[in-house]
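Have the structure open as you read.

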Amino acid sequence: MNSLRDPVAMDRPAVARAAWLPPLWLIWLVVCAFLTATGWAALRTFTTQDPDDYMRLLQVRDWVAGQPWYDTRQYRFDPPHGAAMHWVRLVDLPIAFFLVLFKQFVAERPAELAAMTAVPLLQLLLAMRLLGAVVRQLGGSRGAALAAAALVPAFPLLLTNFVPTRIDHHGWQALAALAVAWCLLKDTWRHALLAGLIAAAWLLISLEGMALCATFGALFALRYWLWGQRQHEAYLTGLAVGLPVLFVIFRPLPELAQAMCDMPSWPHMLAFAGAAAVAGVARVMPWQDRPWGRLAALVPVGGVAAAALFVPLGWCVVSPLALDPYLKTHWFDKMAESAPLTRQAVSVATMTLWTLGLAVGGGVFAVRTAQADADRKARAMLAAVAVAACGFSLLIMRAGLAAQLLTLPLCALMINRLWARAQGFRTAGARVLATFLLLGLATPMLASALTKRLDRSSAMTVTPLPTGYVGRPCDFERLNALPVSHMFVTLDRGPELLARTGHSAVMSGYHRNQAKIMEVIKGFAAPLPESERIIRANHADYVVACTSSPDLWAAADAGPDNLADRIIAGKVPGWLQPVPGFTDSLRVYRVR
């Protein structure tokens with residue numbers, strides 16, 4: 001494949017027609033204005049989509065206030081021990097940069113909100129530029145590249161993950177996936193090395209990316225098998241070099257000696273280094289001029305990597321969280337983002353399947369309409385990655401963000417190609433209808449919107465919430481009227497409580513703290529005598545509950561007449577005293 005080809009030469013008339021198109025930065029500004037307007041209520045009330053957004057802000061606050069670089073514990077959970085975190089400062093860097101910058105001009109709260117706006121909108125700009133670069137590398141015109149940028153709001157997961165206050169790490173993971181895809185399409189040894197370095201950073205942010213990183217590795221290996229291109233060596237070298245370097249920068253040195261399931265550690269480094277070494281040795285193996293000889297040379301690459309991972313880590317290579325069965329049943333399986341397709345809301349399941357259909361159909365369309373063999377191969381590569389990502393999203397919803405970002409370029413090529421047909425009808429009504437159907441059918445937007453009314457659960461959980469309770473606000477800042485205390489609050493509301501108040505809490509849902517997580521769940525879900533014992537053992541001053549909390553309703557479903565049931569009914573046991581002024585959706589009880 002020739003990385004120096006000129007995609008513009010393939011479609012000169014289209015380029016001429018696209019001369020009037022707006023610049024990318026203008027499209028970005030329009031989408032930024034739209035996202036800021038739709039997210040204004042969240043900005044005004046300091047509300048985030050997910051507890052992890054609050055937790056990320058807490059991490060940055062503490063670091064800026066002087067917490068050591070390598071110390072990422074959150075000490076206001078389970079004080080004085082703190083909550084162990086496997087997060088790294090890499091994602092904190094842009095948030096901290098904007099926070100420190102804006103604090104030079106405004107007070108802390110406005111500075112935090114400005115930083116929480118700037119970071120996702122910066123991610124949006126990077127996504128748009130990468131989408132345009134990918135489309136151009138596929139042989140698309142400038143119009144198709146700009147169409148890819150403009151289509152971001154038509155993909156629901158992209159729309160919600162680049163909105164202001166969304167500062168969790170999932171957006172960076174998806175951007176890493178798109179950047180690696182662009183490197184794959186560039187088809188050079190140098191870009192394959194860069195892909196490995198980006199993948200190393202991606203895995204350090206979260207091992208959730210392992211399956212998709214392996215897919216990219218398989219595609220680099222496929223090129224070697226079919227065409228004798230040795231870019232898989234560069235990709236593995238990038239991983240082998242980048243991962244230990246980044247680990248030393250972002251994690252404490254003693255952790256180098258630990259074999260960890262939930263983040264890259266020495267077994268992963270050994271796997272990539274061993275695989276890269278074996279791939280390099282293949283250069284001196286016989287029959288490298290024949291496909292079957294190259295295929296034989298790939299077998300030990302996978303074997304060495306698998307042995308380096310599974311011997312020290314065992315099954316947790318596949319299941320990195322290594323959760324207690326009780327936690328898997330009563331916590332992890334209740335979260336929508338970690339649930340498979342069969343447990344998603346109807347609109348989410350429909351959107352996920354529609355995206356998979358677009359990856360398959362858009363890939364076939366893109367390959368069949370390619371005007372050069374190099375473009376055809378590149379489009380097939382991207383389609384393979386997009387279909388794989390969509391397949392992973394059927395198993396765990398969190399993969400859906402990367403799946404939509406990787407599918408979007410294929411949709412942009414399809415829409416750009418069919419746009420002239422949609423505008424070719426004689427009447428204005430027919431043209432409007434054709435355009436609407438094209439945009440609706442070639443993106444997941446319409447499928448999601450049409451099935452939204454069939455949803456019965458909130459976006460945060462697979463546990464259905466009664467209609468009257470979904471989205472009811474709970475103003476945790478009212479808790480600042482109480483003396484600084486230790487709070488027993490549901491897992492999903494812990495980070496928000498810490499972000500809005502000066503109180504501490506027992507624990508939130510971060511898997512390295514399984515014993516405390518289990519205590520919080522049982523405190524609301526277990527029989528009342530056990531609930532009282534757990535709450536008193538944690539020296540909680542108050543029990544705090546938001547009646548629109550998914551975790552509270554999940555606890556209520558766990559058994560009859562438990563504390564969650566009593567709180568919802570407003571009939572708490574005698575060892576809890578209702579605090580005046582907290583009898584609406586936010587309920588607070590003093591432990592007698």
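C213 counts as buried in this predicted model, at 4% relative accessibility. Its sulfur sits 12 Å from the closest cysteine sulfur, the one in C183, which is too far for a bond. C213 also turns up in the contact between helix 11 and helix 12.

**Helix 11 against helix 12**
- The axes of helix 11 (residues 210-227) and helix 12 (residues 231-250) come within 7 Å and cross at roughly 150°, so the two helices are roughly antiparallel to each other.
- Helix 11 brings C213, F216, G217, F220, A221, R223 and Y224 to the contact, and helix 12 brings Q231, H232 and Y235.
- By type, that contact splits into six nonpolar, three polar and one charged.

**Disulfides**
- The C261 and C316 pair ties together parts 55 residues apart in sequence; C261 is partly exposed at 23% relative accessible area, while C316 is buried at 8%.
- C474 and C546 have their sulfur atoms 2.0 Å apart, and with a torsion of about 85° their disulfide is right-handed.
- C474 lies in the loop between helix 20 and strand 1, and C546 in strand 3, 72 residues apart.
- Both ends are buried: C474 has a relative accessible area of 10% and C546 has 1%.

Note on methods: Residues numbered from 1 in each chain as written. Predicted model: local features only at pLDDT ≥ 70, side-chain atom pairs only at ≥ 80, totals over all residues. Heavy atoms only, no water. Axes fitted to C-alpha atoms, helices over the stretch in contact; angles between N-to-C directions. Helix = DSSP H or I, 4+ residues; strand = E, 2+ residues; numbered from the N terminus. Parallel < 35°, antiparallel > 145°, perpendicular 65-115°, else oblique. Contact = heavy atoms within 4.5 Å. Nonpolar A, V, L, I, M, F, W, Y, C, P; charged D, E, K, R; others polar. Buried < 20%, exposed > 50% of the residue type's maximum accessible area, 1.4 Å probe, protein only. Disulfide = S-S within 2.5 Å.
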